Amino acid sequence: MSAVKSATLVPQSSVQKAQTRDFIEGLEQDSKPYWDMVEIGDELSRELHITPELVILYLDPVEDYNPWYEGWRMNTWHIEGESPFGGAIVPPLLVSHFVLSVQFDHTKPFAIGSIHTFHDSEMLEPIPVGATVRITTRAIDKFEKRGRRYVRHSVEVEDVATGTLYFRETRDILSL
Amino acid sequence: MDLESLRITPETPVGYALQPIKKKAAIQLMGSRVWGRFNPNHWDPAYAASTGLENPIQTGEMSSAYISEMCVNHFGAAMFKNARIVCKYIASTLADEVIVTGGVITEKTPKGKGFRFKADVWAENEAGEKKTVGWVEADIGV
């Protein structure tokens, strides 16, 4: 990566460059390969309140502006929203994205060198914006394929209040 | 544009092509807090180079989100109930690449009063190099 190319992709002042280096050093401290952090049968679970603002934070970087997802709108702020299911609903793969924050034990340093490689996701019921869900992940396999190491998890996402099963997934992480 | 005009209906034939979504893998979006911020390989050119990458790479889940957007455009409400998306990340999306999604209906199986549709889906760069491949299933008119 040449300095010119880097500066084109991410123009930064010297202050920003220093802040970036500090942030990265913090990420690297005490982290270790994911393969070494997980045993088959490990189960982790966390609750996630899917606020209207969280939905917007998820959607804007992928530039998805479907109005069905809007429980928050600039100037108006909180709104009920509209979708084929009544009020605003959560994008199909939003909860899949937050599985990462469960399967990587958030109480430990983040595992370096991990790459998400595969997901098989089932959207069983629409999730209303504002729901609190419980995301449960279970490590079901560790395997090597063509010299690379993978950890496979099964995932379930249910409504904390009603017990409705919203989402199921199988996903693979490639580890150093 | 009225997205209803894109919707899959029970009459939609096998071979029907989904309309693409096109996005730029902008590094400033790749490094946002709820996406790649936790891993500098997704947004810092110097760190990415130190790990052997030509450029920072987008999280695969961003291409899944692009594919999901395309599918909601076509399958509408059916993507939120008893639907399925399977994606395999087969190559890295590099910062600054333009990604285009695609899809084609491959199966149409009678179910209830309607059909369960299956479509092959993908995300590729403008050179046609596949980054993500997979398939989706959804019930229409069931």
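Which elements of chain A cover the buried residues of H4(A)? Strand S2 (72–73), strand S3 (77–78) and helix H5 (94–103) of chain A are among them. This is a predicted model, so local features need pLDDT of at least 70 and side-chain atom pairs count only at pLDDT 80 or more, while totals for chains, interfaces and linings use all residues. Residues are numbered from 1 along each chain as its sequence is written, and chains are lettered from A and ligands numbered from 1 in the order in which they are written.

**The two chains in outline**

- Chain A has five helices and seven strands; helices here are DSSP runs of H or I with at least four residues, strands are runs of E with at least two, and both are numbered from the N terminus.
- Starting at the N terminus, the order in chain A is α-α-α-β-α-β-β-α-β-β-β-β.
- The C-alpha trace of chain A spans about 50 × 45 × 30 Å along its principal axes.
- Chain A has 176 residues, and 32% of them are buried (20 or more other C-beta atoms within 10 Å of the residue's own; 12 or fewer makes it exposed, anything in between partly exposed, with C-beta atoms placed from the backbone).
- In chain A, 69% of the contacts with a separation of 6 or more involve residues 24 or more positions apart; a contact is two C-beta atoms, placed from the backbone, within 7 Å.
- Chain B has three helices and six strands, and its sequence reads β-β-α-α-α-β-β-β-β.
- A box of roughly 55 × 30 × 30 Å, taken along the principal axes, holds the C-alpha atoms of chain B.
- For chain B, 47% of its 142 residues count as buried, and residues 24 or more positions apart make up 62% of the contacts with a separation of 6 or more.

**Confidence in chain A**

- The mean pLDDT of chain A is 92, and 97% of the residues score at least 70; pLDDT is the predictor's confidence in each residue, from 0 to 100.
- Within chain A, H1(A) has the lowest confidence, with a mean of 75, and H4(A) the highest, at 98.

**Where the chains meet**

- Chain A puts 34 residues into the contact and chain B puts in 38.
- On the chain A side, helix H1 (3–9), helix H2 (14–28), H4 and strand S4 (115–123) each supply at least two residues.
- S4(A) gives the most to that side, with eight residues.
- Sorted by class, the chain A side has 20 nonpolar, eight polar and six charged residues (Ala, Val, Leu, Ile, Met, Phe, Trp, Tyr, Cys and Pro count as nonpolar, Asp, Glu, Lys and Arg as charged, and the others, Gly among them, as polar).
- S4(A) and strand S3 (residues 83–89) of chain B run antiparallel and are joined by six bridges; strands pair if DSSP finds at least two bridges between them.
- Glu122(A) has Arg84(B), in S3(B), as its bridge partner.

- In helix H4 (residues 52–59) of chain A, the buried residues are Pro52(A), Val55(A) and Tyr58(A).
- These three sit on the same side of H4(A), because they cover an arc of only 120° around the axis; the arc is that of the directions from the helix axis to the C-beta atoms.
- H3(B) is largely enclosed by the rest of the structure, since 15 of its 16 residues are buried.
- The end C-alpha atoms of H3(B) (residues 60–75) are 22 Å apart, which agrees with the 22 Å that 16 residues should span at 1.5 Å a residue; the expected span is 1.5 Å times one less than the number of residues.
- From first C-alpha to last, H2(A) reaches 21 Å, close to the 21 Å expected.
- Ser6(A) is in helix H1 of chain A and counts as buried because it has 20 C-beta neighbours inside 10 Å.

**Positive phi**

- Gly76(B) follows H3(B) and has a positive phi, near 60°.
- Asp30(A) follows H2(A), with a positive phi near 65°.
- Asn75(A), in the loop between S2 and S3 of chain A, has a positive phi near 80° without being a glycine.
- Asn75(A) counts as exposed because it has 4 C-beta neighbours inside 10 Å.
- Asn82(B), in the loop between H3 and S3 of chain B, is not a glycine either, and its phi is positive at about 55°.
- With 16 other C-beta atoms within 10 Å, Asn82(B) is partly exposed.
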